[in-house]
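Reader: Hi! I'm new to reading protein structures. Could you walk me through this one?

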Amino acid sequence: MRIISGLYKSRKIVAPKNLPVRPTTDMAKESLFNILNNNFYFDDITVLDLFAGTGNISYEFASRGTEQITCVDQDFGCIRFINQTADTFNMPIQTIKSDVFKFLEKTTLQVDVIFADPPYNFSDEQFAKIPQLVFQKNLLKDHGVLIVEHSKHTHLSQLDHYGYSKSYGGNTFSFFERI
């Protein structure tokens, strides 16, 4: 994977092969950040990266100037890799090793952008639980957005707070906002 833009533009990051991840493709990531660039000043926002995996999305935010990034993943190897990479590049990333749903139920963190990249084989109920908890716990600041990455075969438009989706190859990003 590579960082698309910002301070660390074109830097390649090689994750260990034994991590249980499916990193967002560069094409999809670039398209996502083009959308976000039209709505946010990266150096003025806070970010929560759920199911962070390799930290791919968090590195992109950090490279573009975001100074408060929290990554949550339940896999120790993923957390260790994110910490090592963040240290190498001196990125302001805090990691939390936790089951994402347990984290969402307990946290009082409020952020501008929540990015969730759960396993594509999640059930409809598991996907639905993400926006449900985010909005029930009031985890987004005013004008904040929740972005859920999922397969093009998963449809989330029936969920509360759904705004719109954008698809890139086999990846889809669904955007959720306060109504």
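Author: Happy to! Let's begin with helix α2, residues 56–63, which lies across β1 (46–50), β2 (68–73), β3 and β4. Its direction runs at about 175° to that of β2. Keep in mind that this is a predicted model.

Reader: Okay, and in what order do the strands of the sheet come?

Author: The order is β3-β2-β1-β4-β5-β7-β6, seven strands in an open sheet with mixed pairing. At the edges are β3 (93–97) and β6 (162–168), each of which pairs on one side only. On average, neighbouring strands are turned by 15° against each other, direction ignored.

Reader: What does pairing mean for strands, in general?

Author: Strands of a sheet pair through backbone hydrogen bonds, and they do so either parallel or antiparallel.

Reader: Then in which sense do β5 and β7 pair?

Author: Antiparallel, over six bridges: β5 covers residues 140–151 and β7 covers residues 171–176. If you want a spot to look at, find I147, whose bridge partner in β7 is F175.

Reader: Got it. And which strands does helix α1 touch?

Author: Helix α1, residues 26–37, packs on the sheet and touches β4 (111–116), β5, β6 and β7. The direction of α1 makes about 145° with that of β6.

Reader: How many residues does α1 have, and how far does it reach?

Author: It has twelve residues and reaches 16 Å from its first C-alpha to its last, close to the 16 Å expected at 1.5 Å a residue.

Reader: Which residues of α1 are buried?

Author: They are A28, K29, S31, L32, F33, I35 and L36. These buried residues pack against α2, β4, β5, β6 and β7.

Reader: Changing topic: how many aromatic pairs are there?

Author: The structure holds twelve aromatic pairs. One of them joins F42 and F61: the ring centres are 5.9 Å apart and the planes meet at 65°, so this pair is edge-to-face.

Reader: Where do F42 and F61 lie?

Author: F42 is in the loop between α1 and β1, while F61 is in helix α2, so the pair ties together parts that are 19 residues apart in sequence.

Reader: Are those two buried or exposed?

Author: F42 is buried, with a relative accessible area of 7%. F61 counts as buried too, at 1% relative accessibility.

Reader: What about the rings of Y164 and F175, how are they arranged?

Author: Their centres are 4.5 Å apart and their planes are at 10°, so they form a stacked pair. This pair links distant parts of the chain, with Y164 in strand β6 and F175 in strand β7, eleven residues apart. Y164 is partly exposed, with a relative accessible area of 30%, whereas F175 counts as buried at 2%.

Reader: Nice! Which residues do ring pairs link into a cluster?

Author: F51, F101, F122 and F127 are linked that way. Take a look at F101 as well: K129 lies over the face of its ring, at 5.0 Å from the ring centre.

Reader: You mentioned F51. Where is it, and what is its phi?

Author: F51 sits in the loop between β1 and α2. Its phi is positive, about 55°, although F51 is not a glycine. F51 is also buried, with a relative accessible area of 15%.

Reader: One more stop: what does V145 touch?

Author: V145, which is in strand β5, touches F40, D112, V113, I114, L140, F175, F176 and E177, not counting residues up to four places away in sequence. At 4% relative accessibility, V145 counts as buried.

Reader: And T154, where does that lie?

Author: T154 is in the loop between β5 and β6. T154 is buried, with a relative accessible area of 12%. Leaving out residues up to four places away in sequence, T154 touches Y120 and F127.

Reader: Thanks, that helps a lot!

Key. Residues are numbered from 1 along each chain as its sequence is written. This is a predicted model: local features need pLDDT of at least 70, side-chain atom pairs count only at pLDDT 80 or more; totals for chains, interfaces and linings use all residues. Side-chain values use heavy atoms; hydrogens and water are left out. Two strands pair if DSSP finds at least two bridges between them. Helices (H or I, at least four residues) and strands (E, at least two) are DSSP runs, numbered from the N terminus. Axes are lines fitted to C-alpha atoms, for helices over the stretch in contact, and angles run from 0 to 180 degrees between N-to-C directions. Contact means heavy atoms within 4.5 Å. Rings of Phe, Tyr and Trp (its six-membered ring) pair if their centres lie within 6.5 Å; planes under 30 degrees apart count as stacked, over 60 as edge-to-face and the rest as tilted. Buried means under 20% relative accessible area, exposed over 50%, partly exposed in between (1.4 Å probe, protein chains only). A charge sits over a ring if NZ of Lys or CZ of Arg is within 6 Å of the ring centre and within 35 degrees of the ring normal. The expected span of a helix is 1.5 Å times one less than its number of residues.
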